[in-house]
Amino acid sequence: MSRETENALLLLIGVSTAIITLTGAFTRYVKPSLLPYLAATSVLLIVLALASIVADIRHGRDEEPAHHDHSHRRGTAWLLLIPIALLAFVVPPAIRPQAASVSEVSTDVLRRAFPPLPDGRAPEISLPDVLTRVAQDSAGTLDGRTVTVSGFTMRDGERTDLARVVIICCAADAQLARIHLSGPAANQLAEYPENTWIKVEGTIPAGQSDSSRGSIPTMTALSAVRTEPPARPYA
């Protein structure tokens, strides 16, 4: 690979990383907390590429021995620019639930007292937080409380579940967090198409952390409304 190609690849990678960072498209690949690292990486790559290009212009570069297959190799190397350019201008859809591994509640965990829920009639908490409290909270902070949880609908036979795709670090380690829905609003949700984003108010029946290991807990849905998909699809 020639130095011109190397410099062009390095510059394009830096520019592509900067574009997805500035537009927010990076949240389709990694969790939002990695924003500072992506920004720093894009700046570093662009600076290194420009410095290398300027150095080549000022000092010239050593002539390479002539070989018959150099033009073929250079042409092949330039094909590497295609996927890098697509990274900047083509935003992938969110991971489908079927592509994520299922994250289920396990009782084989260290239980501890969680902080109380926020004040209010039905504070909004994330679906992963609900599942974590069911599995690990020894203080029973969900007992007797109405909470609001957002997610998308997912069919499980005749049952409708509330689900979110969770990424620990990046999209490659995506997991599916889900909770069964029952109660007054469950029949209403059966009319919604799968992958419909909703906001549910309901309660989490106590004692579910004592169920069989690897179980999916249940939420009693008191009301549910359709909502727009969030700008950041992953929890």
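Contact here means heavy atoms within 4.5 Å. The structure is a predicted model of a protein with 235 residues, of which buried residues make up 37%. Its secondary structure comprises six helices and six strands. Read from the N terminus, the elements follow the order α-α-α-α-β-α-β-β-β-α-β-β. Among contacts between residues at least 6 apart in sequence, 71% join residues at least 24 apart.

**Helix 1 and helix 2**

- Helix 1 spans residues 3-23 and helix 2 spans residues 35-59; their axes come within 8 Å and cross at roughly 155°.
- Because angles over 145 degrees count as roughly antiparallel, helix 1 and helix 2 are roughly antiparallel to each other.
- The crossing of these two helices is left-handed.
- On the side of helix 1, the residues in contact are Arg 3, Asn 7, Leu 10, Leu 11, Ile 13, Gly 14, Val 15, Thr 17, Ala 18 and Thr 21. They meet Leu 35, Leu 38, Ala 39, Ser 42, Leu 45, Ile 46, Leu 48, Ala 49, Leu 50, Ser 52, Ile 53 and Asp 56 in helix 2.

**Helix 5 and its strands**

- Helix 5 covers residues 127-136, and its buried residues are Leu 127, Val 130, Leu 131, Arg 133, Val 134 and Ala 135.
- These buried residues pack against strand 2 (146-156), strand 3 (159-166) and strand 4 (175-182).

**Thr 148 in strand 2**

- Thr 148 belongs to strand 2 and has a relative accessible area of 7%. Since buried means under 20% relative accessible area, Thr 148 is buried.
- A polar atom of the Thr 148 side chain lies 3.0 Å from the backbone oxygen of Ala 122.
- Leaving aside residues up to four places away in sequence, Thr 148 touches Ala 122, Pro 123, Glu 124, Ile 125, Lys 199, Val 200 and Glu 201.

**Met 219 in strand 6**

- Met 219 is located in strand 6, which runs over residues 218-226.
- With a relative accessible area of 1%, Met 219 is buried.
- Residues touched by Met 219, not counting those up to four places away in sequence, are Val 147, Val 149, Ile 179, His 180, Leu 181, Ser 182, Val 200, Glu 201, Gly 202, Thr 203, Ile 204 and Pro 205.
- Val 200 is 19 residues from Met 219 in sequence, and the C-alpha atoms of the two are 9.4 Å apart in space.
- Val 200 and Glu 201 are among the residues touched by Met 219, and Thr 148 also touches Val 200 and Glu 201.

Terms used
Residues are numbered from 1 along each chain as its sequence is written. This is a predicted model: local features need pLDDT of at least 70, side-chain atom pairs count only at pLDDT 80 or more; totals for chains, interfaces and linings use all residues. Side-chain values use heavy atoms; hydrogens and water are left out. Axes are lines fitted to C-alpha atoms, for helices over the stretch in contact, and angles run from 0 to 180 degrees between N-to-C directions. Helices (H or I, at least four residues) and strands (E, at least two) are DSSP runs, numbered from the N terminus. Angles under 35 degrees count as roughly parallel, over 145 as roughly antiparallel, 65 to 115 as roughly perpendicular and the rest as oblique. A crossing is left-handed if the near helix is turned anticlockwise from the far one by less than a right angle, and right-handed if clockwise. Buried means under 20% relative accessible area, exposed over 50%, partly exposed in between (1.4 Å probe, protein chains only). A polar contact is a pair of N or O atoms within 3.5 Å; within protein, one must be able to donate a hydrogen and the other to accept it, and residues adjacent in sequence count only if both atoms are side-chain atoms.
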